[in-house]
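Colleague: Could you walk me through this structure? I am new to it and would like to start with charged side chains.

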Amino acid sequence: MNKYQVNEKGYYGPFGGAYIPEMLYPNVAELQATYLEIMQEENFQQEFQQLLRDYVGRPSPLYLAKRLSEKYGANIFLKREDLNHTGAHKINNTIGQILLAERLGKKRIIAETGAGQHGVATATVCALKGLECVVYMGEIDTKRQAPNVARMKMMGAKVVAAQSGSKTLKDATNEALRDWINNPVDTHYIIGSVVGPHPYPDLVARFQSIISEETKAQLKEKTGSSTPDYVLACVGGGSNAAGMFYHFLDEEHVKLIAVEAAGHGVHSGETAATTALGKEGVLHGSRSILMQTADGQVVEPYSISAGLDYPGIGPQHAWLFKSGRAQYVSITDEEAMQAGLLLTKLEGIIPAIESSHALAYLEKMTLRKEDNIVICLSGRGDKDLDNYMTYFGL
Ligand SMILES: Cc1ncc(COP(=O)(O)O)c(C=O)c1O
């Protein structure tokens with residue numbers, strides 16, 4: 001394991017751990033004790049790889065976006081997670097976790113969701129395996145991501161709207177944790193990002209690491225080298241970025257750039273730019289960096305993108321930020337929306353608003369024509385069509 005991966009105690013530098021109520025100990029301890037062994041079993045790997053191939057449609061293409069490359073004067077490759085079944089990277093993790101839950105004998109699945117992509121990906125694998133599914137979603141998000149609520153319901157999931165706080169992802173996560181405490185024996189909680197108590201951040205990063213594993217081989221074929229100059233990904237909790245960075249962490253010459261949501265601006269009071277404003281603290285079971293008041297209350301985040309509307313980042317990201325291995329930047333709503341429209345016009349690809357944040361950072365980079373850049377196109381924009389239309393008055 002390298003210095004950027006979790007240690008045997010569940011920490012990344014000073015970040016990580018499992019800060020949980022006593023009543024969650026049995027669930028989390030069971031996962032900690034079993035996850036690596038189960039994931040390494042031959043029949044687990046066989047089923048995981050087969051589902052990624054035949055059900056998700058992997059490998060996802062690495063696409064050289066010619067017109068976008070011409071505009072920015074460098075070689076821009078898009079890792080097309082938007083082409084996965086259900087439309088985002090989230091399915092890589094839910095396939096892995098449903099197989100884990102099955103092997104642990106769990107019969108009921110719960111999840112939290114922001115943009116609804118993780119909720120849809122969870123409802124999908126529950127349908128696939130015939131398991132009961134309950135998805136918690138902030139009430140505001142149920143409205144701005146209505147098509148995804150419909151998809152979850154059609155697949156048989158129960159969608160519970162979280163009414164507390166800002167009625168977004170943080171609040172949905174609180175509700176899901178409460179459910180898990182009340183249902184410790186038969187229920188597995190499929191966390192959708194690299195957040196939560198150990199082992200979740202590591203577990204989710206491992207399932208998402210397929211993104212960089214494939215990218216390396218695809219780059220080698222297309223450019224002759226398996227490493228690019230830059231790798232970019234947006235960060236909500238940080239799972240697509242964790243998967244996109246995973247196999248490049250040790251290649252220190254590859255510049256890793258994580259893009260957070262600045263909302264209306266870093267200092268506008270309506271933002272989700274965690275590393276710009278956050279301080280160290282504990283959120284949802286792990287020590288990380290989060291936006292908080294002087295007396296430690298979590299600050300309500302804001303972003304136009306439901307998937308990035310989260311006041312923290314996963315503990316590995318906190319460590320990559322603090323150690324300087326990756327650069328953390330932020331992009332406003334307006335910059336992201338324009339970048340989404342630009343990709344649509346230049347390449348005929350409508351990106352999820354989350355992914356548009358990563359694309360928008362191209363405007364701020366100084367590039368050379370020989371630079372190779374990989375951007376994780378974490379999801380497709382179907383769920384965001386209403387938002388785009390309203391925003392641009394189309
Ligand atoms: C398309 C897409 N990209 C990115 C994210 C952000 O999550 P993460 O930071 O875990 O990749 C989401 C979350 O819902 C999403 O739907």
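Colleague: Is Glu 30 buried, exposed or partly exposed?

Modeller: Glu 30 is partly exposed, with a relative accessible area of 29%, where buried means under 20%, exposed over 50% and partly exposed in between, using a 1.4 Å probe and protein chains only. This is a predicted model, in which local features need pLDDT of at least 70, side-chain atom pairs count only at pLDDT 80 or more, and totals for chains, interfaces and linings use all residues. Residues are numbered from 1 along each chain as its sequence is written, and side-chain values use heavy atoms, leaving out hydrogens and water.

Colleague: Which side chain does Glu 30 meet in a salt bridge?

Modeller: The side chain of Glu 30 meets that of Lys 106 at 3.0 Å, N to O, a salt bridge being a side-chain nitrogen of Lys or Arg within 4 Å of a carboxyl oxygen of Asp or Glu. Glu 30 sits in helix H1 and Lys 106 in the loop between helix H4 and strand S5, 76 residues apart; helices (H or I, at least four residues) and strands (E, at least two) are DSSP runs, numbered from the N terminus. Lys 106 is buried, with a relative accessible area of 7%.

Colleague: And how many salt bridges are there in the whole structure?

Modeller: A search finds 29, including one between Asp 309 and Arg 144 at 2.6 Å, N to O. Asp 309 lies in the loop between strand S12 and helix H13, and Arg 144 in helix H6, so this pair ties together parts 165 residues apart in sequence. Asp 309 is buried at 2% relative accessible area, and Arg 144 is buried at 18%.
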